[in-house]
Amino acid sequence: MYKMKWRPIPFLLFIFLLPIIHGLASVYAAVGLPQEYNSDTVSLELIHRHSPQVMGRPKTRLQRLKELVHSDSLRQLMILHKLRGGQILRRKAREVFSSSRVSNDAIEVPLHPAADYGIGQYFVTFRVGTPSQKFMLVADTGSDLTWMSCKYHCRSRNCFNRHARRIRHRRVFLANLSSSFKTIPCLTDMCKVELMNLFSLTSCPTPITPCAYDYRYSDGSTAQGFFANETVTVRSRRGRKMRLHDVLIGCSESFQGQSFQAADGVMGLGYSKYSFAIKAAEKFGGKFSYCLVDHLSHKNVSNYLTFGSSRSKEALSNNMTYTELVLGMASTFYAVNVMGISIGGEMLRIPFEVWDVKGAGGTILDSGSSLTFLTEPAYQPVMAALRVSLLKFRKVEMEIGPLEYCFNSTGFEENLVPRLAFHFVDGAKFEPPVKSYVISAADGVRCLGFVSVAWPGTSVIGNIMQQNHLWEFDLHRNKLGFAPSTCTRI
């Protein structure tokens, strides 16, 4: 058995892209989410960061993988700091959840791969204000606040022409043009108490001064602005235009850093009272889902983030597997109760405390991480078991960050590798395709797609491991559903 060594950096295993499981139970209790929902759905298209719509000039497979690995390393710092309470980079504060009437309608939003660093991998189109203004935001399950580049109290004529709507190729929200824009006064309890977890500032020169924030990300990126309530416009699966009122947004008048390259802002999808995920779930069935196609696919195929009952889920209902979604135990991330990992049908000898989310371990599902991160007591036996099947292939040194094992894949067939499976405490099993953990790095080269993290700590199931599966986060019932899927729209 692997001898466990104590290290000072805690790590938890999270689940994604899109962080909600055990906390959802406590949040729903605290938030008082309604039991009646709208039966329609809304989907938003997810655009991957390597999509031609974002990336522009095509990059090689190796260049793309190196970028993903670099992004992952920064994101792990963010996850670690957040799990520690954010005391290093941000002020710690408690979250308060609200209640509102829920609709059974649903919305579907396209997800596009995002060209950012450390904050997420997918872009989503977002319409806010009255009349609505359109933006491209990073969809991030590790963030709680939805914010965009913004101008307020702009009295110049230039504020109302088309050029004012863009700064350095980014769209800018012109708050003065929206009749539904309402700032949060800094003297209110909402600013002083409830929004502390979203990094509100204590400065309050006058009672009606807007409540300000200062976000500082782990890669040095920053966003400064103030909070407001706004109206968000979405279109349901039935084609009906719908409005979500009093959605908390951030009006960022200043932001800088690599985290926001090519993005107009961030859509917060974490499990917190004021995230867009919770606000939309209150309206559409208490659940959201997404399906991610192969990140190396050259086809113009869209991924979708759906609020409400997904058409894909309806078609796959007989193949859906469910396990407990652990909410509120790993900050605002979405966690699961893993029992162990098997390879070729044999359970590996991994201490159970590695998976204990109530202790020093745990696992999260994270759409913003590409690779899968395992703490040392799990990483070593997984790598050892997989390497055995690859001994006849020559090992290759690729210098791809923390990826430890790459090999010449000439003559490689996926059926040569024993199937890996994550087993959950309640008996559920997730068996990803081989290409999700023996990943293509370049022509003729493959790598084992796992990264080691220190113990104690949290393991992270990244978005490459999640690809070609539909994932449904049922926040009302604390259930995570998943099923193999081509991720094409039905």
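**Reading a sheet and its salt bridges**

Q: How do strand 19 and strand 25 pair, and over how many bridges?

A: Helices (H or I, at least four residues) and strands (E, at least two) are DSSP runs, numbered from the N terminus, and two strands pair if DSSP finds at least two bridges between them. Here strand 19 (residues 338-343) and strand 25 (residues 420-424) pair in the antiparallel sense over 5 bridges. Val-338 stands opposite Phe-424 in strand 25. This is a predicted model, in which local features need pLDDT of at least 70 and side-chain atom pairs count only at pLDDT 80 or more, while totals for chains, interfaces and linings use all residues. Residues are numbered from 1 along each chain as its sequence is written, and side-chain values use heavy atoms, without hydrogens and water.

Q: Which strands form the open sheet, and in what order?

A: The order is 20-19-25-26, with antiparallel pairing. Strand 20 (346-347) and strand 26 (429-430) are at the edges with a single partner strand each, so one side of each has no neighbour in the sheet.

Q: How many salt bridges does the structure hold?

A: A salt bridge is a side-chain nitrogen of Lys or Arg within 4 Å of a carboxyl oxygen of Asp or Glu. The structure holds 9 salt bridges. One of them joins Asp-264 and Arg-171 (3.1 Å, N to O). Asp-264 lies in the loop between strand 13 (241-256) and strand 14 (265-268) and Arg-171 in strand 8 (residues 170-171), so the pair ties together parts 93 residues apart in sequence.

Q: Is Asp-264 buried or exposed?

A: Buried means under 20% relative accessible area, exposed over 50%, and partly exposed in between (1.4 Å probe, protein chains only). Asp-264 is buried at 2%, whereas Arg-171 is partly exposed at 24%.
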